[in-house]
Amino acid sequence: MKNPPALELVDVSKSFGKSLIIKGVSLSIPRGERHAIIGPNGAGKSTLFNLISGRFPVSGGRISLNGEEITGLPPFKINRRSLSRSFQVTNIFHRLSVYDNICCAVLWSRGYRYSFWHPLERLRDVRELAESIIEQIGLSRKRDVVAGALTYAEQRALELGITIAGGAEVILLDEPTAGMNRSETDEAVELIMRVTKGKTLLMVEHDMGVVFGMADRISVLVYGKILATGTPEEIRGNKEVQEAYLGEEALDATA
Amino acid sequence: MMNNTDAMSLTLGESKVRSRRWLVWVAAIAVPLLLPLVFRSGYALSMMCQMGIAVIFALSYNMLLGQSGLLSFGHAVYYGLGGYASIHALNAIGAGKLDFPVTLLPLIGGVTGLFFGIVFGYASTKRAGTVFAMISLGIGELMAAGSTVLPGFGGEAGISANRVTGKGLFGITYGPPVQVYYLIALWLVVSAILMYALTQTPLGRMANAVRDNPERAQFVGYNPQRVRFITLVLSAFFAGVAGGLTAINYEIVTQEYLTAHTSVTPLLMTFIGGAGYFFGPVLGAILVTFLQVVLGAYTKAWPLYMGVVFISTVLFAPQGLAGIVMQHRQVWSAGLMRRLVPAYAKVFVPACALLLGTICLVESTYHLTTEAQAGTQMSLFRIPLDVATPAPWIGAAALIAIGLYFFRRSCAAAALSWEGITAELQRRKSP
Amino acid sequence: MEFFLTSLLNGLSYGLLLFMLSSGLTLIFSMMGVLNFAHASFYMLGAYFAYQISSAIGFWPALVIAPLVLGLAGALLERYGLRTVHKSGHVAELLFTVGVALLVEEIVPLIWGRMAVKYAIPRELDFTLFSLFSTSFPAYRGFMLLVSVGMMVLLYVVLTRSRIGLIIQAALTHPEMVGALGHNVPRVFMLVFGVGTALAGLAGVIGGNAFVTEPSMAAAVGSIVFVIAVVGGLGSLEGAFIASLVLGIIQTFSVALDYSLSDLFAGSEVALLHDEALRSLFSIRISQMAPMIPYLVMVLMLIFRPQGLMGKRE
């Protein structure tokens with residue numbers, strides 16, 4: 001294993017009670033690829049993310065990150081191995097300021113762990129990194145506002161900021177443009193492209209314009225199974241995919 | 001940037017805060033040191049001793065409630081065990097078996113608290129929320145029940161000691177109460193500074209994060225359970241320090257220190273003072289202790305009044321005293337305070353009537369049921385009353401009814417004018 | 001053997017009484033996510049109300065009226081107190097019930113004094129039901145058993161057979177769905193809260209005279225009921241039932257057992273016992289340990305099976 005893929009899933013499955021939601025998904029994402037997962041509602045896209053990031057335990061199969069197995073690890077251990085994720089429903093620290101939100105996301109990666117002897121004010125590396133992230137996500141003017149008081153689009157930006165602040169190599173974004181209008185979506189896409197440059201990106205997205213514009217490769221997930229994986233052109237030309245899912249709407253969107 | 005101080009914002013403009021912070025801390029250190037020069041009586045001194053200890057205890061409690069979102073019903077465990085360890089150590093020092101300065105005795109209490117924090121925290125911090133509350137209650141009850149049978153707790157009499165161990169340094173023997181006061185003040189200042197500093201560390205910030213959203217904390221690399229555990233252990237240390245100081249102050253430690261009642265006290269103080277602010281528990285501890293001592297001298301019903309204050313805080317002012325102060329500070333600095341005054345004055349009068357009526361009702365009932373042997377004559381605010389006649393009852397009922405009617409009306413008016421002010425503040429902020 | 005049987009019966013009646021309390025607590029908790037700290041206060045109020053009513057018009061009317069009054073009081077408390085703090089989250093709700101518990105604990109002595117009141121067993125039931133060898137089993141214990149079992153059966157039937165019971169069961173697991181289907185969830189909450197407090201009141205009516213009616217009775221039983229809720233598994237009625245019986249029986253037995261560890265080693269000289277602290281530790285009688293046992297059980301449960309007897313793993 002000279003150059004292992006950034007993220008590899010081997011025959012991953014998940015059942016809740018009797019219903020099998022993920023039915024043996026295998027996926028290999030090389031380093032630096034931008035990979036999108038598309039599929040109809042209820043296909044198991046978010047569940048797949050929850051399995052990869054350790055939120056739910058898998059029922060079967062293996063997941064490895066940079067060649068190291070991470071199956072069964074708790075989320076915080078997976079995160080420490082340089083995998084970070086965002087959430088479909090905004091998941092931030094509501095009573096903390098924007099700055100403190102980003103600060104929290106930076107601390108572990110800077111090695112401060114559970115320290116109760118470092119005064120935060122004196123940690124220049126944390127401060128500078130946090131400030132630069134806030135600038136990247138365009139929230140400098142809202143630096144000291146509590147996160148709960150931000151607008152929806154600002155909260156989405158903060159969500160992204162928290163996700164990338166730890167400097168993770170593999171980034172999972174769960175519907176980063178959900179609930180945004182056209183111009184907000186365009187801004188978000190540009191932002192995502194900028195902050196994830198050089199990283200491995202795996203994202204779930206419903207907006208076909210975004211998917212076909214951003215992704216290097218696309219996987220189509222239908223009823224817990226991967227129907228096809230390929231470049232945007234291959235996916236667009238795939239008969240099976242068209243029948244099962246894409247239909248005319250997507251072709252319109254990408255035309 | 002003027003728009004940094006949002007009405008919703010908990011964080012204030014950085015530089016403004018930083019320049020004022022020094023002033024606040026200088027005052028916080030100077031006031032406890034200068035107080036005995038103003039209040040010289042033994043009564044005042046003993047009250048201030050109690051306040052100092054209560055402040056440490058409440059601040060340590062708020063490391064859990066306010067900063068980590070952990071509602072504990074068992075904080076007395078660390079306070080009480082710290083107290084017991086200290087009193088045993090004090091006895092050992094007195095008997096010459098242990099060579100340890102009394103000044104540092106609270107450290108023994110603290111380390112004991114820390115140790116039991118590690119033992120019990122392991123089981124209790126696995127979960128937050130309601131489950132944590134119940135487990136802390138269970139551990140509290142376990143220790144309270146245990147103290148009645150296990151050796152080392154001195155049975156019902158408790159364990160007493162003499163804080164004057166003979167070996168005075170520079171004439172400090174801790175015989176005179178004022179010396180004990182300064183010992184408490186010293187530990188208060190040191191503990192408060194340390195606990196404040198803790199809120200400004202990676203752990204302190206992550207405790208806030210885990211309070212707000214334990215799940216998200218996991219996805220930035222932190223184990224919420226570990227964050228809670230370390231916070232609880234540190235908080236237990238300061239509770240133990242408070243216990244150690246109490247042991248020195250009263251020279252006796254009893255089972256009372258470990259009861260649920262002792263656990264609820266810092267909860268009341270913290271919540272009434274305002275758990276969302278560092279200085280909230282300080283206000284709460286001072287106020288509750290003051291009421292406890294002063295009211296306690298006048299009426300046996302003081303816990304009832306305390307309960308009323310607590311439940312009113314929960315219902316009407318969940319931000320506590322500190323929250324009210326901070327809200328009005330904004331209005332004050334915007335120069336809008338005088339707009340509120342008339343509305344507040346209108347609330348004040350019926351509120352007084354309501355309060356007076358309630359007090360009259362409670363005290364008359366109390367007199368009738370618990371002090372029946374003393375006859376039916378009593379005096380309230382120097383006014384003689386005969387609870388066997390209908391006069392005090394009718395008077396109380398009338399005061400309550402009329403007071404309540406006008407109180408509700410004036411409250412609605414005050415709420416309106418408050419809304420007006422908030423809207424005005426918002427307008428000024430957004431250019 | 002006679003000791004065993006009478007203790008078992010006593011434990012059973014005590015355990016069933018505990019279940020009457022913990023079932024209400026569990027129902028309220030699993031539906032609303034609120035741990036009602038004032039639950040035991042309603043138990044105490046039940047006893048005091050029953051005392052007041054029975055001294056005026058007799059025990060039997062009290063048996064009906066007191067729980068009804070408390071059920072109504074509980075429903076009002078939910079409607080006008082709990083619901084207003086609901087928006088501030090579960091901790092605020094919990095704190096509200098703590099406040100209520102504090103107030104009740106102070107108001108009760110304000111009205112009835114700090115000493116225990118003479119709330120006696122009704123004359124009709126003040127006889128020995130049967131005697132086992134030399135120990136007698138009082139009829140009132142039998143009556144307690146009867147009422148508890150009757151209540152339990154009624155609760156079971158209502159929950160599994162009636163329409164409202166089915167809605168409650170559905171709301172336990174899927175509160176949003178039940179709301180979406182057009183049922184008035186807040187009103188269901190109010191009803192459940194009222195029923196829960198009425199059950200606690202009933203437990204007070206029949207428990208108050210079997211034990212002692214005094215201002216500290218709420219605190220004494222309150223924490224044990226919480227232990228039951230944790231040991232049984234939060235939100236599980238079956239778990240609460242088993243835990244109530246087990247803890248009731250354990251407590252009854254341990255109070256009656258007058259042995260200590262040193263009795264175990266009596267006769268054989270154990271070197272350990274030269275140490276004074278250890279010796280005093282060894283001479284603690286099980287009956288003295290009794291108050292600690294429920295909490296020990298809880299801590300052990302948390303270490304070995306954190307989800308409780310019947311709780312679901314997360």
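Over how many bridges do strand β1 of chain A and strand β4 of chain A pair, and is the sense parallel or antiparallel? Select residues 7–16 (β1) and 60–65 (β4) of chain A: the two strands pair over five bridges in the antiparallel sense. Strands are DSSP runs of E, at least two residues, and helices are runs of H or I, at least four, numbered from the N terminus; two strands pair if DSSP finds at least two bridges between them.

This is a predicted model, in which local features need pLDDT of at least 70, side-chain atom pairs count only at pLDDT 80 or more, and totals for chains, interfaces and linings use all residues. Residues are numbered from 1 along each chain as its sequence is written, while chains are lettered from A and ligands numbered from 1 in the order in which they are written.

Next, pick A:Ser13, which stands opposite A:Gly60 in β4(A).

Now show the whole open sheet of chain A: four strands in the order β2-β1-β4-β5, with antiparallel pairing. β2 (19–29) and β5 (68–69) of chain A are the edge strands, each pairing on one side only.

Then turn to the chain contacts (C-beta atoms, placed from the backbone, within 7 Å).

Last, select chains A and C, which do not touch: their nearest C-alpha atoms are 10 Å apart.

Definitions and conventions
Two residues are in contact if their C-beta atoms, placed from the backbone, lie within 7 Å.
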